[in-house]
Amino acid sequence: MEICFITIFPGMMSGPLASGILDIAAKKGAADYKVVDLRDFAVDKHGSVDDYPYGGGPGMVLIAPSVVEAVESVRSPEEAGEVPVILMSPAGRRFDQSVAMELARHEKIVFVCGRYKGVDARVDELVITDTISIGDYILSGGELPALVVADTVIRYLPGVIGDERSRDTDSFSGEREFLLDAAYYTRPPEYRGLKVPEILQSGNHAKIDEWREESALERTKRLRPDLLDDSEEGPVQP
Ligand code: SAH
């Protein structure tokens, strides 16, 4: 999968893209990242890519020509129908695991990272095919949101995660769409008087699986009962 980020802060992307699973995905050849500096598409020699909003008021707006031309530099006219060009915006559909799985089916994705008051609304009409929000709060730019989406999507590319069973027992994942993950323990077996549940040290895998199922359900009921409202388990009774 080719993942392109259009941003005025390319430096923000280098650390995350060169660390952890995002880096492993690139090294394994499953993902290829292209970070496009929006300033390369500036309309003047000062590198301007933003301007005052029509109608006045506070804040600057990223200008349409720079953003549209930056998108067109990584997405050919032939690709227009199939490559998602995603505007990161609080106004978008809410990102979750199912959106990540849907995006993982594409061979290429382009993220447009907004800044300041946002992006000229005509960009939406001209090149944007999808708008995604990572939650009901405001960040100062679309870079971190785009990285959040990229990291989540990359986990679904074949071969990226060594043991896919680990991924599919994670919260919201695999058949566990409505469940949080179980509680986990590692050594030492006792710490400050707190012991690791004996069953986990028993080597009895059937019993351990059962314990984890119960732990996942217990944690979901306690921490995120809303998840069960839509599941086959039905709403949690108070
Ligand atoms: N005036 C805009 C917010 C601009 S914040 C509004 O109220 O809708 C600047 C940029 O940060 C946005 O253009 C967007 O790219 C990004 N951003 C901020 N919050 C976000 C969120 N919750 N999800 C995705 N992107 C977000």
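Analyst: Confidence in the chain is lowest in helix α7 (residues 164-168), at a mean of 89. It is highest in strand β6 (residues 108-113), at 99. The score is pLDDT, the predictor's confidence in each residue, from 0 to 100. The mean pLDDT of the chain is 96, and 99% of its residues reach 70 or more. Helices (H or I, at least four residues) and strands (E, at least two) are DSSP runs, numbered from the N terminus.

This is a predicted model, and residues are numbered from 1 along each chain as its sequence is written. Local features need pLDDT of at least 70, side-chain atom pairs count only at pLDDT 80 or more, totals for chains, interfaces and linings use all residues, and side-chain values use heavy atoms, without hydrogens and water.

Now the packing. Helix α2 (residues 20-27) meets helix α6 (residues 143-154) at an angle of about 60°, and their axes are 9 Å apart. Axes are lines fitted to C-alpha atoms, for helices over the stretch in contact; angles run from 0 to 180 degrees between N-to-C directions. The pair is therefore oblique. Angles under 35 degrees count as roughly parallel, over 145 as roughly antiparallel, 65 to 115 as roughly perpendicular and the rest as oblique. I21, L22 and A25 of α2 touch A150, D151 and I154 of α6, where contact means heavy atoms within 4.5 Å.

The chain is divided into domain 1 (2-154) and domain 2 (169-228), with bounds from an automatic or database domain assignment. Their centres, taken over C-alpha atoms, are separated by 37 Å.

Two backbone details remain. The R187 to P188 peptide bond is cis, with omega near 5°. P188 sits in the loop between α7 and β8 (190-191). Y116 is not a glycine, yet has a positive phi of about 55°. Y116 lies in the loop between β6 and α5 (121-126).
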